[in-house]
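Biologist: I've never looked at this one before. Could you walk me through how to read it?

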Amino acid sequence: MKNLRLFSLLFLSIITLSCNKDDDDAIDNTPAQEAAFQAVINGGAYSDYSYIVGVYNITKGTNGNTLSIDIADINGEMITLFLNGTGGFSAGTIKEMGNIDSNSFTTYTLIRQQQPQISYFSTSGSATITNNRQHPTAPGHRLISGHFSITASSIDGNNTTAMTGSFTELDYVD
């Protein structure tokens, strides 16, 4: 009888120790999807412009507290989403345009139109990170996904535009 109690106690101890808070943070090894960025820009010199990624580059700040997502499409239009450190970069984080973090970095969006040459800077809106996971096959890399809805205007204030869209599985060095 004593061995049965000892065995039961040992069994319960093993179960308790094997359960861990980190179980919820398990590595997602699902295959990486193709990187995508798509947006619709409307207003100013844009008219329901469908923006689809041609090339992109994500730069993580040297302090690890910022991400700059720079995207160009096949027509030479360029977008920068600069995300400061407020709230981090995990799933569910909302990045408000104009927010200034503790390091004085401001979250903003820059839309650079090729023809006519106009730069639009965000005036309101947000970007929401829906996923940020380890790359399943590239050690030291991460895949970030999210969506956004942003209003922007030109420096002179003569042009305003709105942009909505999403980004999926964009790869960056952690």
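Biologist: Which residues touch the most other members of the largest nonpolar core?

Modeller: Start with the general idea: in soluble globular proteins, nonpolar side chains tend to be buried together. This is a predicted model, and its largest nonpolar core has 29 residues, with F37 and F148 touching the most other members.

Biologist: Which elements give two or more residues to this core?

Modeller: They are β1 (36-43), β2 (46-60), β3 (67-73), β4 (78-83), β7 (118-134), β8 (141-154) and β9 (160-173). The largest share, 5 residues, comes from β2.

Biologist: Okay, back to F148. What is F148 in contact with, leaving aside its neighbours within four places in sequence?

Modeller: Quite a list! F148 contacts F37, Q38 and A39, then L81, then S126 and A127, and finally M163, T164, G165, S166 and F167.

Biologist: And why is β8 described as largely enclosed by the rest of the structure?

Modeller: Because 10 of its 14 residues are buried, and buried here means under 20% relative accessible area.

Biologist: How do I read the pairing of β8 with β7 and β9?

Modeller: Check the direction, then the bridges. β7 and β8 run antiparallel over 13 bridges, with S124 opposite T151 in β8. On to β9: β8 and β9 also pair in the antiparallel sense, over 12 bridges, and H147 sits opposite S166 in β9.

Biologist: What should I look for in the hairpins?

Modeller: Look at the residues between the strands. The β7 and β8 hairpin has 6 of them, and G140 takes a positive phi near 80°. The hairpin of β8 and β9 has 5, and G157 in the turn has a positive phi of about 80°.

How values were computed:
Residues are numbered from 1 along each chain as its sequence is written. This is a predicted model: local features need pLDDT of at least 70, side-chain atom pairs count only at pLDDT 80 or more; totals for chains, interfaces and linings use all residues. Side-chain values use heavy atoms; hydrogens and water are left out. A nonpolar core is a set of buried Ala, Val, Leu, Ile, Met, Phe, Trp, Tyr and Cys residues joined through side-chain atoms within 4.5 Å. Buried means under 20% relative accessible area, exposed over 50%, partly exposed in between (1.4 Å probe, protein chains only). Helices (H or I, at least four residues) and strands (E, at least two) are DSSP runs, numbered from the N terminus. Contact means heavy atoms within 4.5 Å. Two strands pair if DSSP finds at least two bridges between them.
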